[in-house]
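Keep the viewer open as you read.

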Amino acid sequence: MPRRGLERLDLLLLAIEALDLHGSEAMLWSCEQLGLSAAFPDRVALWKSRCRNPLRRASRRGELSSQEQQGLVQLVCSLSQRLYPMLRQLLSSSEPEQLNSQRWELFSSRYRELIQERMNEKRGAIRLLIDSSEGESLRRQVVQTLLFCAGPGGLQRLEASLMDGSR
Amino acid sequence: MTNFSLSGISSFSSAQLKLHFEESSCRLDLTGLPDVSASPSDASDGVPGQRLSILTGWELNLGQRAALQGKLEHLQALVAAVQPYVRHLVSNHPCPQGDPSSPVSLEPRGKGHRLQLRSSQANTEPLDLQLDDAELADLTQCLDQMLQDQRLGISLPLPAPQPLRRREQPRRKGAATGWAAPAAALGALLITAGLASVIPLPERKRPAAQPPAPTTSQR
């Protein structure tokens, strides 16, 4: 998987944690449900895999194994499906505008907090993502990606998207 | 919390099959007939007559906004437009699908997506719909469910999603500014070196010739 795909995969998982207060627990539970216990037997193994993201504050060298890659992609799609109603609300134009802006504010502040806690803020990509004005469209793109990778065909779409630029 | 339903219910009435796929703002109904000449191994669950192999019609309801009906070629055009478009959206690179002559076209418009459906009947204006992300996601989920449903025996040829080529990838924000700092440093170094070469070096002063020191010989 290209470096950029690895970065996006981890940022998608971080967005899931920002959307769901129990996101990290849901990840572990989903790993068991999806039969990914071999790749991620516990939360430390999952954390180690996610730390392959070069944008992390404490990044680990090396590449993800294909089993880990496949597992993380499955995890994102499964959790996106679980959060589909919430993602849908965030991107729906028929929702009350004031209510939706409050939802966005809540998501953005949690996402920024998580990024500041775990990512290397010296990196330009991270600085843009946490920027209150410029990062808005990037955060919207992250939520949009999660919305469209939910569902039966989402896995194939996300897999292909994470390999962008590899051919 | 789930406020949407996923359903794929088939009903049988006098050999006519119906498949329904439903989401919050979208409902897709397929009506057709089984291929009775198919062998039992081709049928879903090995039971002949339970696989919709001949499509007689389909109907798509997009909430209160539109109800569309069509034939197989229209369904194929819808799938051929929506699936690649959404694939590009996942890469944050929306790319228009379908040309003005095709029955279905989809392109970005404003914060949403413009779905145009052209009737095969003459003198009929194309139907122009503005979908937001949520509505497009609902439509995509319905189509995904339909494509993966084992009870559907119609071939809807669709290439597997492919990664974008390097040149197709959206330019990353901040990529240009990423090079700015090293480029500025290099530029500053070159300018300093240039200026330093212009400044004349101080001439080295040669010591004035001194008369040879008198030598005295003493005996």
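Before we get to helix packing, one definition: a helix axis here is a line fitted to C-alpha atoms over the stretch in contact, and angles run from 0 to 180 degrees between N-to-C directions. Keep in mind, too, that this is a predicted model.

**Where the chains meet**

Let's start with the contact between the chains. Chain A puts in 29 residues and chain B puts in 33. On the chain A side, helix H5 (84–91), helix H7 (124–130), H8 and H9 each supply at least two residues. The top contributor on that side is H8(A), with six residues. By type, the chain A side splits into 13 nonpolar, twelve polar and four charged residues.

One helix pair is worth a look across the two chains. Two packed helices are described by the angle between their axes and the distance between the axes. Helix H9 (residues 154–162) of chain A and H1(B) have axes that come within 9 Å and cross at roughly 50°. The crossing of H9(A) past H1(B) is right-handed. From H9(A), the residues making the contact are A:Arg157, A:Leu158, A:Ala160 and A:Ser161, and from H1(B) they are B:Val86, B:Arg87 and B:Val90. That set holds four nonpolar residues, one polar and two charged.

**Inside chain B**

Chain B has three helices and eight strands. Read from the N terminus, its elements go β-β-β-β-β-α-β-β-β-α-α. The chain is 219 residues long, and 28% of them count as buried. Take the contacts in chain B between residues at least 6 apart in sequence: 46% of them join residues at least 24 apart.

H1(B) also packs within its own chain. The axes of H1(B) and helix H2 (residues 133–148) of chain B come within 11 Å and cross at roughly 115°. That makes H1(B) roughly perpendicular to H2(B). H1(B) passes H2(B) in a left-handed crossing. Here B:Val79, B:Val82, B:Gln83 and B:Val86 of H1(B) meet B:Leu139, B:Thr140 and B:Leu143 of H2(B). This contact has five nonpolar residues, two polar and no charged. B:Val86 takes part both in the contact with H9(A) and in the one with H2(B).

| Helix pair | Axes come within | Crossing angle |
|---|---|---|
| H9(A) and H1(B) | 9 Å | roughly 50° |
| H1(B) and H2(B) | 11 Å | roughly 115° |

Most residues other than glycine have a negative phi. You'll find B:Asn92 in the loop between helix H1 (72–90) and strand S6 (104–109) of chain B. With 19 C-beta neighbours inside 10 Å, B:Asn92 counts as partly exposed, because a residue needs 20 or more to be buried.

In soluble globular proteins, nonpolar side chains tend to be buried together. In this model the largest nonpolar core has 76 residues, and those touching the most other members are A:Leu12, A:Ala15, A:Val76, A:Leu87 and A:Leu146. Helix H1 (residues 3–19) of chain A gives the largest share of the core, ten residues. Leaving out residues up to four places away in sequence, A:Val76 touches A:Leu9, A:Leu12, A:Leu13, A:Cys149 and A:Leu158. A:Leu158 is also one of the residues of H9(A) in the contact with H1(B).

Now for an arginine: is A:Arg139 buried or exposed? A:Arg139 is buried, because 21 other C-beta atoms lie within 10 Å. A:Arg139 sits in helix H8 (residues 135–148) of chain A. Beyond four places in sequence, A:Arg139 touches A:Ser108 and A:Tyr111. A:Tyr111 is 28 residues from A:Arg139 in sequence, with 8.6 Å between their C-alpha atoms.

Last stop: A:Ala39, in the loop between helix H2 (23–33) and helix H3 (43–50) of chain A. A:Ala39 is buried too, with 22 other C-beta atoms within 10 Å. Setting aside neighbours within four places in sequence, A:Ala39 is in contact with A:Gln67, A:Glu68 and A:Gly71. A:Ser133, by contrast, is 94 residues from A:Ala39 in sequence and 38 Å away in space, C-alpha to C-alpha.

Methods:
Residues numbered from 1 in each chain as written. Chains lettered and ligands numbered in written order. Predicted model: local features only at pLDDT ≥ 70, side-chain atom pairs only at ≥ 80, totals over all residues. Helix = DSSP H or I, 4+ residues; strand = E, 2+ residues; numbered from the N terminus. Buried ≥ 20, exposed ≤ 12 C-beta atoms within 10 Å, placed from the backbone. Contact = placed C-beta atoms within 7 Å. Left-handed = near helix turned anticlockwise from the far one by under 90°. Nonpolar A, V, L, I, M, F, W, Y, C, P; charged D, E, K, R; others polar. Core = buried A, V, L, I, M, F, W, Y, C linked by C-beta atoms within 7 Å. Parallel < 35°, antiparallel > 145°, perpendicular 65-115°, else oblique.
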